[in-house]
Amino acid sequence: MTASLALSVSPTEPADRLLSPAELEAALRDIGARRYHNLHPFHRLLHDGKLDKDQVRAWALNRYYYQAMIPVKDATLLARLPDANLRRVWRQRIVDHDGDHEGDGGIERWLKLAEGVGFERDYVLSTKGILSATRFSVEAYVHFVAERSLLEAIASSLTEMFSPTIISERVAGMLKNYDFITRETLAYFDKRLTQAPRDADFALDYVTRHALTPQQQAQALDALRFKCNVLWTQLDALYFAYVSPGMIPPDAWRPGEGLRAGADA
Ligand SMILES: O=C(O)c1cc(C(=O)O)c2c(n1)C(=O)C(=O)c1cc(C(=O)O)[nH]c1-2
């Protein structure tokens with residue numbers, strides 16, 4: 001039932017009828033069940049303790065760029081919101097990541113995670129070791145939010161509906177499987193467990209109330225597919241460079257670079 005719903009609103013087969021809010025939500029959830037990045041082989045290896053320390057480092061370093069650009073994406077979206085009630089809610093996302101003062105917020109907590117696995121803070125901040133594919137994927141997300149309709153921009157954040165499950169699985173798996181990972185290193189994820197559902201509930205409510213034609217519903221579903229691809233392609237690039245075949249592009253981070261004095265190999 002859910003699968004055929006999703007098919008009926010795919011881009012190749014335009015929707016011919018309006019879905020109820022519950023059907024739209026089911027179709028959105030179906031996309032997550034098939035395409036969310038919890039299914040990616042790189043995440044399976046990461047959570048199951050099958051990566052070595054340098055591969056975990058590559059993940060932390062590249063993912064920093066996603067974290068750093070999320071508030072840029074949200075500021076882009078905020079600037080397009082026509083009403084103060086919406087802006088008041090959305091601006092909280094920027095505060096969550098940037099913090100209210102220096103040393104606070106999600107970006108800072110991600111830097112702690114990167115430092116916890118051995119990086120020098122300034123090396124991470126420079127983003128010079130990240131894969132070009134990471135940069136391209138993340139920037140595609142920011143452009144999407146700037147250029148598409150507000151409905152599509154908000155719908156593209158709906159991957160957050162699925163993130164609490166992967167975060168719980170990741171934290172439990174990494175703590176159990178890696179002796180160099182501590183609860184403190186992973187503190188970033190503690191707050192996401194409450195922030196993500198709050199954000200996703202708001203965005204889902206917005207999307208179900210504003211996708212009022214079959215075409216708008218199809219656009220919302222496509223926006224979520226696009227965003228799943230933004231997340232997936234980042235992991236493809238990590239896998240290709242650091243797992244198999246292990247082809248690190250010439251300008252990307254190589255094991256040993258950018259580490260704190262005393263961080264072990
Ligand atoms: O750890 C994860 O797997 C994960 C996934 C996602 C997501 O699904 O987009 C986000 C985050 N984390 C996250 O930490 C975060 O701040 C975030 C913001 C957004 C967004 O699209 O606005 N997604 C995510």
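I began with the lining of the largest cavity, to which α4 gives the largest share, six residues. Helices here are DSSP runs of H or I with at least four residues, numbered from the N terminus. I noted that the model is predicted, that local features need pLDDT of at least 70 and side-chain atom pairs pLDDT 80 or more, and that totals for chains, interfaces and linings use all residues. Residues are numbered from 1 along each chain, and side-chain values use heavy atoms, without hydrogens and water.

Next I looked up the cavities. A cavity is a set of points, on a 1 Å grid over the protein atoms alone, where a 1.4 Å probe fits but cannot get out; lining residues have an atom within 4 Å of a point. I found two cavities of 30 Å³ or more, a volume being the space filled by probe spheres set on the points. The largest has about 300 Å³. Among its 25 lining residues, Arg63, Tyr66, Glu160, Ser163 and Arg192 are the closest to its centre.

I then turned to the ligand. Its space is the largest cavity, where sitting in a cavity requires more than half of a molecule's atoms within 2 Å of the grid points. I recorded a polar side-chain atom of Tyr36 at 2.7 Å from a ligand oxygen atom. An N or O atom in the side chain of Lys227 lies 2.6 Å from an oxygen atom of the ligand. Such polar contacts are pairs of N or O atoms within 3.5 Å.

Key: Polar contact = N/O pair within 3.5 Å; in protein donor to acceptor, adjacent residues only side chain to side chain. 1 Å grid on protein atoms, 1.4 Å probe; cavity = no way out; pocket = protein on both sides within 12 Å on 5 of 7 lines; lining within 4 Å. Helix = DSSP H or I, 4+ residues; strand = E, 2+ residues; numbered from the N terminus.
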